[in-house]
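Subject: Handover of a structure

Dear colleague,

Please find the sequence and the structure below. A summary of what was found follows, and I would be grateful if you read the two side by side.

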Amino acid sequence: MEQNFDYRADIAVVGAGHAGVEAALAAARLGFDTVLFTISLDAVANMPCNPSIGGTGKGHLVYEIDALGGEMSVAADRVMLQSRTLNLGKGAAVHSRRIQADRRKYQDVMKATLEKEPNLRLIQCEICDLTTEELPDGTKRIVSLTNHLGEVWGVSAAILACGTFLGGKIHVGHHSYAAGPDGLLPANGLTEALRREGVRIMRFKTGTPQRVHRDSIDYSRLEVQLGDEEPVPFSILTDREAYGRIPQTPCHVVYTTGETHQIIRDNLHLSAMYGGKIEGTGPRYCPSIEDKVVRFADKERHQLFVEPVGADTAEMYIQGFSTSMPPAIQYRMLRSLPGFEHAQIMRYAYAIEYDCADPLQLLPTLEFKEIRGLYGAGQFNGTSGYEEAAAQGLVAGINAALKLKGEEPMILPRASSYIGTLIDDLVTKGTNEPYRIMTSRSEYRLLLRQDNTDARLCAYGRRVGLLRGERAERYEAHRAAIHEEIRRARSATISANEETNALLTSLGSAPIVRGEKYAELLKRPELDYKKLAPIDKTRPDLPDAVLFAAQTEIKYEGYVKKEQAEVARQERLESRPLSAAIDYSAIKGLRLEAAQKLNAIKPLTLGQASRISGVNPADISVLMIWLEQSKKETEA
């Protein structure tokens, strides 16, 4: 189909939030002429909710983004105000890093990165329409995008990363108005264009708490929360010694009171959430404070975190206090907290509704099944969180580029990463609420640790061409050092002498009667590298990150082998492809529900089919028998 376009680009990205930034950078760095559209240049990489990066499960995503060659990890390290590792009292599999970021500096860093990137144009405008053309197989392909000024951009691929702007509507008490996050302009035209093209749209909701002037808080009434003494950066590119010298800003903890809860209960009818104003589904794992008080009525108090928005602003963020109450009630709620009796609100809390796409319409590449060349990423796919968005944007940008190159797509298995788990959950199970990654989402938690991200994902980053240069070299050296240290620990023998047994006894560990391999001592739960340092005479001077990774692999060796055996079993199912042309309703023995779900989702593999809600092991057995019979008939 011949068309005249005002402008042309290989790949267009709609939305410059965390998903759009990663998608555009990946596409441009892989050699394609890329254009990134944003409603406001002042909202590039914005953090309209908590200015933090990482957290439980989310920290894993940021490390994985770095191992693939993404940007969030690099930028986060440059704007760290405080760094903490969560869950240190638990096993290494659930250790998760989180930083408090300087909101405006993060935006400035990302915007400058985009502006300096060759092959990338950054343009302020609203995309309000798209055109497709029919293909011989009955599907469509993306042809062009049209902005609010009537300009038509011809594209070979497009990535929709609209965040919460699409059909955005803000609610504060009984007041509602069309807007994107932070009161920016919403994107109102694109939803109907997508519906016209057959895209199923969902309506979700999220929210944010007040921003309070820091000088109006009495910090003597709050608990102090300090950062790690030896902070570890997200990116392999960051200088660890310099990072450790960055002065960290303290955060604080406060708790709601009985008065807070009574104010909320007395005024529930004024909340947009409970007053019937909001139609969209909110996030289960990041509820409003009204929702917490109602759902957990037996709890006497809820923990809140008081965190800085930036180094050069007086704004403080009250994490856990999201609400859609009217301003007067927000003041009463806030001033019922210890230390907030005279608090001054700088930005009112609000709830925001927005449109997003049903992710069951997507392939694991994040391309729409029925519209070739059109991809979705981030909250547009039904997720919540900056990290989930960035991870999807990176995958969508990589796959759009690989598609235009005519190369095999990058599909990350569940056992490879939390990114793979996130995407597989979305495209296989779908979501009826904003999806949030958690370590409990994965059945392979011991394999998917922060300390072995490079071993799991660097090969993918190198294969697609995004992980290269200094970053790739540093990862190679890091992994080589870990392998060498594990080899040394397994071969080094600790003598059963007086010094050794005195140390072991002092540490509550049984003495040894003959020489023992150092790795065997490390496997004891009560021992670690630091405690054994006095008797480890051959250990070279290594970075803490190398020692921790080596120690973790040694300690978890037996458990890891069990999980790897389960991965191998699952891979046998993943290696059995399923054609999109299969009519599951015609397969005898399949239950009606299973056939309907399989026809709706059209899984790519038997493994993916096994994870679809409503498809049970008996259905998979029927499918396997049918596949074998079909193979024999084809070969006959």
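I begin with the cysteines. The sulfur of cysteine 128 lies 8.7 Å from the closest cysteine sulfur, that of cysteine 125, which is too far for a bond; a disulfide is here a pair of cysteine sulfur atoms within 2.5 Å. Seen from cysteine 125, the closest cysteine sulfur is in turn that of cysteine 128, at 8.7 Å. A search of the whole structure accordingly lists 0 disulfides. Cysteine 128 is partly exposed, at 23% relative accessibility, whereas cysteine 125 is buried, with a relative accessible area of 6%. In these terms, buried means under 20% relative accessible area, exposed means over 50%, and partly exposed lies in between (1.4 Å probe, protein chains only).

A word on the basis of these values is needed. This is a predicted model, in which local features need pLDDT of at least 70 and side-chain atom pairs count only at pLDDT 80 or more, while totals for chains, interfaces and linings use all residues. Residues are numbered from 1 along each chain as its sequence is written, and side-chain values use heavy atoms, with hydrogens and water left out.

Turning to the protein as a whole, it has 21 helices and 23 strands. These are DSSP runs numbered from the N terminus, with helices (H or I) of at least four residues and strands (E) of at least two. For 636 residues, a compact globule would have a radius of gyration near 26 Å, and the value of 26 Å for the protein agrees with this. The radius is taken over C-alpha atoms, and the globule rule is 2.2 Å times the number of residues to the power 0.38. Along the principal axes, the C-alpha atoms fill a box of roughly 80 × 80 × 50 Å. Of the 636 residues, 57% count as buried. Among contacts (heavy atoms within 4.5 Å) between residues at least 6 apart in sequence, 73% join residues at least 24 apart.

Several individual residues also deserve mention. The loop between β2 (34-38) and β3 (52-54) holds asparagine 46, and alanine 45 is found in the loop between β2 and β3 as well. Asparagine 46 is buried, with a relative accessible area of 9%, and alanine 45 counts as buried at 1%. Phi of alanine 45 is near 55 degrees, a positive value in a residue other than glycine. Leaving aside neighbours within four places in sequence, asparagine 46 is in contact with His18, Arg103, Arg104, Gln107, Asp182 and Tyr386.

A positive phi in a residue other than glycine is also found at lysine 602, where the angle is near 50 degrees. Lysine 602 lies in the loop between α19 (592-601) and α20 (606-610) and is partly exposed, with a relative accessible area of 23%.

Finally, phenylalanine 368 is located in the loop between β19 (350-357) and β20 (371-372) and is buried, at 3% relative accessible area. Leaving aside neighbours within four places in sequence, the contacts of phenylalanine 368 include Val199, Leu374, Tyr375 and Phe380. Valine 199 and phenylalanine 368 are 169 residues apart in sequence, yet their C-alpha atoms are 8.9 Å apart in space.

Yours sincerely
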